[in-house]
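Welcome! Take a moment to look over the sequence and the model below, and then we can walk through a few of its features together.

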Amino acid sequence: MIESWLERAAPDRVAVEAPDGVLTYAELLAAARDAARGYSGRVELAATPGVEFVVRLHACLLAGARAVPIDPRLRADERAALGDAPGDLVVHTSGTTGVPRPVGLTTTDIEANARGVAAALGLTDDERWLCPLPLSHIGGLMVLLRSAVYGTTAVLGPPDTGNVTVSSLVPTQLARLLDADASPPSRAVLLGGAPADPALLVRARDAGWPVAPSYGLTQTCSAATIGEIGDTETSGRPIPGVTVTIAPDQEIVVGSVHTGDLGRLDERGRLIVVGRKTDTIVTGGENVAPAEVEAVLRAHPAVADAGVFARPHAEWGEAVTARVVLRPGAQATGDELRAYAAERLARFKVPKAVELADELPRTESGKLLRRELA
């Protein structure tokens, strides 16, 4: 399967551009075939952005070895703790709810996702897809693999959107590029990895950025739903070949995968993600979704970021608590922000305390590490 991906691409077309070099499809296929002779079983690959990683990844797939991309910054004991799973490509989840879990993917899964994303975004065979995301995580890795399926060019490097047609970004990267007044890619930004603040999406749309919000997870090869460019309210519809349903308890189910996320489908079949099941705060017998409170706090003009979590409370069981980061030069007190929230939320949802911080703990993909706030 993987050999046919590389063989059917135009041999002189650039397969990958990276900080350490450029490879055409003919060069990538020859190098991967040569390296494949030494691979079998489970092969850990230090996921450093560069041509060496790309060659070794394709060599594993050619040889039938199980490729396991590993964050090169992990210590030896952290690497040893990573689990394994059956499949052609083993990718670990981001670990936002605990230890990263191994997920086995097949080349059939990868190709199906690639075709679905291409159909949803209207991609052609001349794309140049920028990947500034970690290659040890599914969002970054799938840029390489989708490009191989399409026979197009993957561009590895920092989030510089010049001279590319498509870019995969997380919300934090998008915000920084907007702050820097960078030029957008010509066709689309596939935005994922973490929930996007509607205010950020509006800002991007008004600045002329072709942002398509998405929702996905490692088990679905990244994107499972993709929104229309300019959508500021939803994560879009399922890509072709994917089904999304909502369980009676509001859990999002992708195919047969219970995601642990809560959401709903609007009248047009677009997915609206509400939050995580495990994040729900139960205060005085009432359920509070942290994401709803965070959205209200981030709408305050002085607030750059917000994280809401549960703190044990003798009377209420759990107290809704918020930690916020103010915008540079802005001023606001915790009491002022509580008053702002009280005007927009039911009384039981208003944080009992709002604390100021310099930054919030987040993963590389921008997901809030809520457990580290408590």
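The loop between α7 (171-179) and β10 (188-191) is where you will find D181. This is a predicted model, and in it D181 has a positive phi of about 55 degrees, although D181 is not a glycine. Is D181 buried or exposed? D181 is exposed, with a relative accessible area of 69%.

S222 also deserves a look: its phi is positive, at about 80 degrees, and S222 is not a glycine. Strand β12 (residues 222-226) holds S222. S222 counts as buried because its relative accessible area is 15%, and buried means under 20%.

Here are the two residues side by side:

| Residue | Phi | Relative accessible area |
|---|---|---|
| D181 | about 55 degrees | 69% |
| S222 | about 80 degrees | 15% |

The largest nonpolar core has 59 residues, and the members that touch the most others are L57, L121, W129 and L145. Which helix gives the most to this core? Helix α6 (residues 138-150) does, with nine residues.

Leaving aside residues up to four places away in sequence, L121 touches W129, R187, A188, L190, A212 and I226.

Methods:
Residues numbered from 1 in each chain as written. Predicted model: local features only at pLDDT ≥ 70, side-chain atom pairs only at ≥ 80, totals over all residues. Heavy atoms only, no water. Core = buried A, V, L, I, M, F, W, Y, C linked by side-chain atoms within 4.5 Å. Buried < 20%, exposed > 50% of the residue type's maximum accessible area, 1.4 Å probe, protein only. Helix = DSSP H or I, 4+ residues; strand = E, 2+ residues; numbered from the N terminus. Contact = heavy atoms within 4.5 Å.
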